[in-house]
Amino acid sequence: MHTELRRTPAPRNTPACPPTDGPPQGHVLAVGTPGPRRERLTRTLESTGYAVTHAAPGEVGRSVQQTPPDAIVALDGHGGVEQAVAVVQEIRTAPQGHVLPLVMVTADREPAGVARLLRSGADDCLPEAADPVELSARIAAKLHRVPVPVDRLARDPRTGLYSAPHFRDELDRELRRPGSRPGRRDGVLAVVAVAEADALEERFGARVRREVAERLAGVAERLGDGSGRLGRDEEGRLLVLMPGVDEETARQALREFATAVASTRFVVADENVRLTPAVGWLPLTDTDGLRADRVVGQAADAVAEALRHRDLRPVRYEPWMRAAAPRRRARKVVRPLLLALSPLLALLIGVGVPFALYEQAYAVLGWDIASAVYWVVVAGLVLSASLILLECLFSLDAPTRPAAPAQPYPPASAVIAAYLPNEAATIVDTVESFLRLDYPGDLEIVLAYNTPHPLPVEDTLRAIARRDRRLVLLPVAGSTSKAQNINAAVTRVRGEFVGIFDADHHPAPDAFRHAWDWLSHGYDVVQGHCVIRNGDSSWVARQVAAEFEAIYAVSHPGRTRLYGFGIFGGSNGFWRTDMLARIRMHGSMLTEDIDSTLRALREGARIATDRTLISRELAPTRLKPLWNQRSRWAQGWLQVSLRHLWQALRHPNFTPRQKTGLVVLLGWREIQPWLSLQILPILLHSALRAGGADRIDWATPACLLAFGFTLSAGLVQTAFAGRLALPELRRRRGWFWRHALISTVFYTHFKNIVARQSHLKELLGDRRWRVTPRAAAAAKAVNGR
């Protein structure tokens, strides 16, 4: 039962309320559903000297426009706080209602409900049992000291943020300053949005955008030097004007700001949340003749691009980002032609050019440089073989997993990144396998996926999610990469650590327990052992199954111990959530996993490798998908090398031992495919100088020893892989024998060809992501499982 506004008897000779026979104190709009409660409120207001008009919920905008009141008093409805919040939002949405004093009268005595109403936009809130004199006094106080919304002030007195109109005035003044002069730098404008803003507004109301902007401004003030100006636009985005700053300084400052925001847990609307800042910016030197509105709009276009990636990198505005001017994708004739001829181009660069150089040096200068290069090539091949053998030896004594966790099992999250049209045949089996995991703590499974059109399998997934609340479906609209799916998920997950998986992975039941054994002992990332589960499907799948044992059972553990750091391999890797939220994945990188590894290591992260941490996945079953997959990997490694090697060698966080490992992984691996090809022009040159291939002394001891040693490295690595493989694969000895033979005769050369062609693709700017198909038939061929 609702409590009536009560009248308290006044002392003798003291009026209970202001006189009502004079002019009214003001015009009050009483908002509420017609009925006894609104009638009682009306009598109370009239008895205290106010003229009253009425409006039902849903009619406020029209009533305010027709007869603007001096103040609004609104009742909560029978729906309680939720309906009252809706009334507040309706009032504040109306243009005139944005600035009118608003007092809520509610039957809800709970402080949380009152707090929600005030956060939603109410200026005051009284219980329905309040004394009419108090109600009248509160209305009078609002009328005598009218509340002014922050965006109507030049600057928020609490946060110092400029309102949108005043910020644009400041920007216009900056744009009208004289052009560049010697010693003067022109400055930068940035706009910052938050990827989670829509979801937060849906949960907490429109005012949450203002709260988020204030949190962002707090971080900017903490990092800034005080010379910048901060504002908030109508959509709640943070506006940043950085006068007198050059582009590179601004870019670095904005990058540090974005990382700081992503690294912080904010209290927004009484909840602890992670935020993903999306930063768009442009230099003011590019704004000649433009007004502030246009400049802010261009930065906002860059924000839209940053929101697609969610990778914390500030995005500079480019003309193609305009909403009215979609990105031009005109096909050029030259690039496709060069790509089609890339195998011949690789031979021309790797064989023809060196051969011509050797011949000209010998003919013109009398220098036989081919002989010197020959010994360089031999030394390089011996070095490559030696490194492989060292990895094998160090893999035998790789660090073992801690016997028990150092801390209790915390909540954990699994993120499955999927491109649904490609995974439709396997995704249900994958989800079901995750729901069977054995983890003592709370475990949520987040399926972060993108799809260009609805698919029937989504209905099946929704049914599973209704049946088991641990499954969270997260469609990522506009995503074009695995990195974007992971970035969208990392702010939503509840776990203290996150396991990242591709959509064909079936982790071992104990995977999350064993991952925490490492993470609880001070590691930030742990990479597990990926095992092929469809090796019976084809000879290609069998080859990859044996190769994966050489990679995950031998090379990764061996390199980790040899060089002092591990590598995140893209799937079956476990991150501390705070670290992943700070590092993110960069979708522009074809191997976003290796890129994230280098950025994490640069921050001092500890990455472990555990070959007993098992997850089973599908291998390509045909040669063309394998080519596309390995081509992407090779080109991605090249991108990482170009971006990170030189920076890492100068970075103080890397030890000399680690820098040596980085030179091998990022430098030598890019040189070796071209170096091995040099034997062809050397032999051609030598045969031409000797008068024929039959006149070359092929039995040179040094040559034979180098050839035998180089050949043995692959055989030894395969033997180690067979010895360290899982028991289910160790029994497949024929797979490893065939792998050794095929690798020696064909597969090693296949990978070198792929590597060389990927270099040319990167040079030509072809960075398309070709998806590896997951066939339904392949999903069922699972090595007897």
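The following exercises, each with a worked solution, concern the predicted model shown above.

Residues are numbered from 1 along each chain as its sequence is written, and side-chain values use heavy atoms, with hydrogens and water left out. Because the model is predicted, local features need pLDDT of at least 70 and side-chain atom pairs count only at pLDDT 80 or more, while totals for chains, interfaces and linings use all residues.

**Exercise 1. Describe how helix α13 packs against α19 and against α12.**

Solution. Two packed helices are described by the angle between their axes and the distance between the axes. Helices here (H or I, at least four residues) and strands (E, at least two) are DSSP runs numbered from the N terminus, and axes are lines fitted to C-alpha atoms, for helices over the stretch in contact, with angles from 0 to 180 degrees between N-to-C directions.

Step 1: α13 (residues 369-395) and α19 (residues 539-563) pack at about 90°, their axes being 7 Å apart. α13 is therefore roughly perpendicular to α19, given that angles under 35 degrees count as roughly parallel, over 145 as roughly antiparallel, 65 to 115 as roughly perpendicular and the rest as oblique. Where contact means heavy atoms within 4.5 Å, the residues that meet include Leu-387, Cys-392 and Phe-394 of α13 and Ala-553, Pro-557 and Tyr-563 of α19. By class, this contact has nine nonpolar, three polar and three charged residues, where Ala, Val, Leu, Ile, Met, Phe, Trp, Tyr, Cys and Pro count as nonpolar, Asp, Glu, Lys and Arg as charged, and the others, Gly among them, as polar.

Step 2: the axes of α12 (residues 342-365) and α13 come within 9 Å and cross at roughly 135°, so α12 and α13 are oblique to each other. Leu-357, Tyr-358 and Ala-361 of α12 make the contact with Ile-369, Ala-370 and Val-373 of α13, which gives six nonpolar, no polar and no charged residues.

**Exercise 2. Which residues of strand β11 are buried, and which strands does β11 join?**

Solution. Step 1: buried means under 20% relative accessible area, exposed over 50% and partly exposed in between (1.4 Å probe, protein chains only). Seven of the seven residues of β11 (residues 277-283) are buried: Pro-277, Val-279, Trp-281 and Pro-283 point one way, while Ala-278, Gly-280 and Leu-282 point the other way.

Step 1: seven bridges join β11 to β6 (residues 188-194), the two running antiparallel, and Val-194 stands opposite Pro-277. Two bridges join β11 to β12 (residues 315-316), running parallel, with Val-315 as the bridge partner of Gly-280.

Notes
Two strands pair if DSSP finds at least two bridges between them.
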